[in-house]
Amino acid sequence: MSDEIEPAKAPRRPAPEAERLVIAIDGPSGSGKSSTARGVAKKLGLAYLDTGAMYRAATRLVLDSGVDTGDADAVAALIEAADIASTLEPSDPAIAINGTDVTEAIREPAVSAAVSSVATNLAVRANLIARQRAIIGGTRKGIVAEGRDITTVVAPEAPVRVLLVADPAARVARRQAELGEKATSAEVTDQVIRRDRDDSTVAAFTEAADGVVVVDSTHLSLPEVIDVIVGLARRVSVGHIPAVAPR
Ligand SMILES: Nc1ncnc2c1ncn2[C@@H]1O[C@H](COP(=O)(O)OP(=O)(O)O)[C@@H](O)[C@H]1O
Ligand SMILES: Nc1ccn([C@H]2C[C@H](O)[C@@H](COP(=O)(O)OP(=O)(O)O)O2)c(=O)n1
């Protein structure tokens with residue numbers, strides 16, 4: 001795909017709306033947003049944007065630079081000046097901040113524990129939302145973007161908007177299975193339940209906004225959830241999507 005590293009500060013000229021399909025997916029931690037969005041993007045030959053990875057990369061930078069996460073102005077200034085580059089490739093998503101690849105480092109427990117304090121900084125949000133809109137507007141064919149406020153703030157005009165939910169017990173179990181011995185059950189509960197509580201103070205992902213379709217993944221397999229969203233996309237935008245999905 002031509003949408004490789006996308007410097008957020010220099011978006012390419014937006015393609016006409018009619019040529020692009022934007023699929024927006026929000027939901028709480030562990031509902032399956034990242035895996036589902038990647039699967040949908042792969043099936044439909046679209047780009048993929050993990051906005052949570054941008055908040056995580058910003059948090060990694062704050063932690064590494066020694067700036068106090070409680071110093072809202074210093075945190076915002078650091079992030080506003082940073083170069084954040086996301087690959088938009090669903091098969092191999094990666095992210096770099098100020099030239100350093102942090103794809104692995106943003107998944108460390110220290111980042112998961114601190115990310116909400118950065119993501120609830122309103123100046124940081126304004127900056128990252130502007131970058132996300134530029135990325136979405138700059139993709140040629142279309143994009144699946146996932147996070148907490150994509151359906152409501154970043155891309156409320158997207159023709160396909162989904163709130164992906166799952167019962168808290170299923171979400172905690174999924175995260176525990178993913179992290180294995182890397183995290184205790186207390187840490188996993190903190191990562192999922194406490195983080196959602198904090199994050200929901202600045203983004204409305206606990207209830208679907210008007211026009212947003214709720215998909216409950218609690219009792220659906222990942223391929224089933226992907227198929228539901230591909231079905232929604234085909235219904236709203238026949239003609240945007242290749243008849244034979246590229247692998
Ligand atoms: N429908 C599903 N059924 C079972 N496990 C799932 C499902 N969707 C995602 N998962 C798994 O749950 C974990 C969390 O998924 P992820 O996509 O990272 O969620 P989110 O981005 O919403 O936090 C991953 O290990 C993923 O493979
Ligand atoms: N659009 C977004 C995306 C993520 N965030 C915040 C909320 C989350 O705690 C962090 C990390 O997001 P991420 O999607 O990686 O979270 P998960 O670990 O997949 O649950 O960023 C946000 O505030 N707005």
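**Briefing: sheet, helix contact and ligand shell**

An open sheet is formed by 5 strands in the order β3-β7-β2-β8-β9, with parallel pairing, where strands pair if DSSP finds at least two bridges between them. Because β3 (47-50) and β9 (213-216) stand at the edges with a single partner strand each, one side of each is left without a neighbour in the sheet. This is a predicted model, in which local features need pLDDT of at least 70 and side-chain atom pairs count only at pLDDT 80 or more, while totals for chains, interfaces and linings use all residues. Residues are numbered from 1 along each chain as its sequence is written, and chains are lettered from A and ligands numbered from 1 in the order in which they are written.

**Sheet**
- Strand β2 (residues 21-26) pairs with strand β7 (residues 142-147) in the parallel sense over 6 bridges, strands being DSSP runs of E with at least two residues and helices runs of H or I with at least four, numbered from the N terminus.
- Isoleucine 23 stands opposite valine 144 in β7.

**Ligand 1**
- Among the 15 residues around ligand 1, those that come nearest are Gly32, Lys33, Ser34, Ser35 and Arg174, a residue being near if its C-beta atom, placed from the backbone, lies within 6 Å.
- At least two residues of this shell come from each of α1 (33-44), α7 (168-179) and α9 (222-236), and α1 gives the most, with 3 residues.

**Helix crossing**
- The crossing of α3 and α5 is right-handed, the near helix being turned clockwise from the far one by less than a right angle.
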